[in-house]
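Dear colleague,

Please find below the structure I promised to hand over. My notes on its salt bridges follow.

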Amino acid sequence: MYIKKTLMGVVAGASLFSISCNDTSKDSGWNESNAFYQESTLPYKTADFSKIQNKDFKPALEEGMRQQMEAVNAIAANTEKPTFENTLVALEKSSALLDRANRAFNVLTGAHTNKELQAISAELAPKFAAHSDAIYLNDALFQRIKTINDNRASLGLDNEDKRLVAVYFEKFVAAGANLNESDKAKLKEINQELASLSNAFGEKLLAATKSGGVTFTAEELDGVGSDELNSMKQGDNQYLVPLNNTTQQPIFPEMNNRDARAKLYKESWIRAEKKDDNDTRSTLLALAHKRAEKAKLLGFDNYAAWNLQSSMAQTPENAENLLRQLSEFAVANAKEEEAAIQQLIDESENPFQLSAADWDYYAEKIRSEKYALNQNELKPYFEMNSVLENGVFFMATKMYGITFKERKDIPVWHEDVKVYEIFNEDGSPVGLFYADLYQRDSKRGGAWMSNIVGQSKLLDQLPVIYNVSNFNKPAAGQPTLLTQDNVVTMFHEFGHAIHGFFAEQKYPTLSGTNVSRDFVEFPSQFHEHFAMMPEVLNNYAKHYKTGEVIPGALIEKLKLSQNFNKGYALTELMGASTIDMAWHTISAEAKIDDVDAFELEALSRNGLNLATVPPRYRSSYFSHIFSGGYAAGYYSYQWAEMLDWDAFAWLEENGGMNRANGQFLRERILSKGNSVPLDELYRNFRGKNPSIDAFLFYKGFAK
């Protein structure tokens with residue numbers, strides 16, 4: 001998904017989803033045989049997946065929580081005057097074991113889960129929330145932080161120290177540190193309920209998506225390439241098409257059979273609305289209401305108002321204003337595109353009324369006709385390993401001087417995972433990178449980036465980062481050929497990775513991608529541009545059989561078609577963002593019992609209820625906002641795209657892809673993490689505040 005990426009708030013460098021528990025003992029599984037008992041001896045302290053077993057997680061997480069709470073309680077009870085060192089630095093050091101266990105746990109629960117891990121996750125979810133509350137709602141601890149915050153100007157702190165103080169204080173206040181004891185107790189109950197509900201939504205959706213795949217005959221899949229068919233073969237003339245996490249499915253442009261398209265579209269649309277155990281609607285209703293209740297308790301009108309305090313947008317009104325501006329352009333262009341598709345259908349032998357299930361198929365025909373370009377023509381040039389090593393890595397070397405060496409001696413969590421060590425120009429180490437790119441039933445949908453080890457000078461740690469995608473795995477011996485969208489996804493996710501790899505912070509709380517949602521997608525979306533730059537494209541886009549470089553004529557077609565279907569693409573995103581904001585601007589008193597009706601009303605109210613342009617995600621399978629940490633934050637993709645196009649204009653104004661620009665970007669943005677307020681950080685880079693002008697110009701919306 002992302003989520004195109006998984007990010008979580010931290011206390012002392014550890015996930016907030018942590019555990020408050022009783023003392024552990026050897027009988028509980030916490031002993032020398034536990035894989036997390038000692039710090040990893042592998043390079044970069046990365047997790048040793050050859051030794052980790054399911055049974056290791058619960059005792060390690062529980063002991064990690066016990067150790068952190070012991071440290072937190074000692075800090076809070078310290079009778080000495082609160083200082084930066086004895087309070088905040090001590091907090092930053094309090095979670096070594098928790099980090100080791102929790103980050104490895106997150107790898108597996110996201111990318112290679114099983115029933116045992118799911119049971120552990122479900123059992124611990126409310127305890128994770130309780131542990132977070134035990135820290136954030138500890139009044140003695142908060143008073144120490146408040147004292148330091150009130151006096152930070154006179155403490156002789158450097159800029160990053162001061163930023164850490166400010167961030168901690170803001171987090172504690174936002175988490176409810178100023179509430180009275182009665183309200184704190186209510187908040188703790190709500191947070192535990194929310195954790196359980198979010199976990200339940202994710203598990204139900206994973207099961208619904210897995211069971212929602214549709215079986216077709218070869219005749220029904222007429223038009224689909226033989227290699228792709230072979231990868232889906234189940235038995236004699238039986239082919240299983242798995243569901244992608246989005247509403248539209250990537251196979252649609254190849255499916256000639258309209259009835260088959262309609263069938264697959266319907267199953268995608270209702271995957272989590274079948275009134276069975278995997279129906280997510282009652283869960284998401286409970287989540288939305290409980291989040292509104294939490295916001296009211298914390299003194300806010302709605303959850304979005306509470307959640308966006310530390311974002312670049314700051315308020316839901318500012319986020320909604322951006323969405324309204326973009327929706328006007330998006331819908332107008334989508335309607336023009338719809339008319340062109342309908343005209344093509346009307347001129348066919350058997351005309352019919354365009355439906356959402358038909359859009360991608362006929363849009364691809366228009367792309368082919370208008371630009372003589374189709375995805376099947378491109379795929380032979382987009383072999384996955386070449387895209388990664390000769391495209392993504394090549395770009396990173398050209399821009400930032402970093403180089404890559406594959407490591408086959410590092411244990412991985414699945415045989416498909418590849419590992420690379422990264423070095424600076426001077427040969428100094430940057431970190432380790434894992435690529436887990438193939439779809440499987442044990443992996444949640446979408447694409448994301450996260451850390452196994454977080455960067456921190458205080459902890460003497462270099463980053464260990466992984467990217468996850470869900471590309472269809474071909475039959476044995478066959479190449480993995482990607483669509484253009486798949487290629488862009490790889491550049492996007494590695495943009496997140498670069499943001500993490502270039503971090504140069506002392507403190508884990510401020511390191512790398514620990515920034516607001518509407519900033520974290522900026523570096524990733526910025527790096528999407530390099531996917532289709534001729535210099536990069538020519539280096540990776542080589543025919544998988546002949547080695548022929550992608551012809552210049554095809555590159556020209558790509559260039560001319562880069563804004564094709566732009567109205568549709570933006571409108572489906574606006575639909576998803578609108579649904580997200582609607583759920584998270586309800587009041588605690590709102591009475592909602594029909595998910596579909598609420599969703600339809602929200603889209604209609606904002607002029608986005610187009611029968612042929614569905615939202616990218618419906619509420620019932622919107623994992624970003626109900627289990628992925630993007631609640632009231634899906635707009636951030638558009639906010640970050642405003643930053644990204646503004647930054648791309650800077651790149652073009654200053655000579656394009658070269659080392660000097662890469663170094664400037666690394667120094668001004670990519671290495672700073674959250675060590676500087678983000679609006680200030682962007683101005684230091686660009687020399688001005690961002691504007692929507694470049695977005696509209698480059699996307700072809702400005703006339």
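Is E70 buried or exposed? E70 is exposed, with a relative accessible area of 51%. Please bear in mind that the model is predicted.

E70 forms a salt bridge with R66, and their closest N and O atoms lie 3.5 Å apart. Both residues belong to helix α1 (residues 54–77), where they are four residues apart and thus separated by about one helical turn. R66 is partly exposed, at a relative accessible area of 22%.

A second salt bridge joins the side chains of E421 and R407, at 2.7 Å from N to O. This pair links distant parts of the chain, 14 residues apart: E421 is in strand β7 (residues 418–423), while R407 is in the loop between β6 (403–406) and β7. E421 counts as buried at 11% relative accessibility, and R407 counts as buried at 17%.

The loop between β6 and β7 also holds D416, whereas K473 lies in the loop between β10 (464–471) and α16 (484–501). K473 and D416 form a salt bridge, with 2.9 Å between the closest N and O atoms. The pair therefore ties together parts that are 57 residues apart in sequence. K473 counts as partly exposed, at 37% relative accessibility, but D416 counts as buried, at 18%.

The structure as a whole holds 45 salt bridges.

With kind regards

Notes
Residues are numbered from 1 along each chain as its sequence is written. This is a predicted model: local features need pLDDT of at least 70, side-chain atom pairs count only at pLDDT 80 or more; totals for chains, interfaces and linings use all residues. Side-chain values use heavy atoms; hydrogens and water are left out. A salt bridge is a side-chain nitrogen of Lys or Arg within 4 Å of a carboxyl oxygen of Asp or Glu. Helices (H or I, at least four residues) and strands (E, at least two) are DSSP runs, numbered from the N terminus. Buried means under 20% relative accessible area, exposed over 50%, partly exposed in between (1.4 Å probe, protein chains only).
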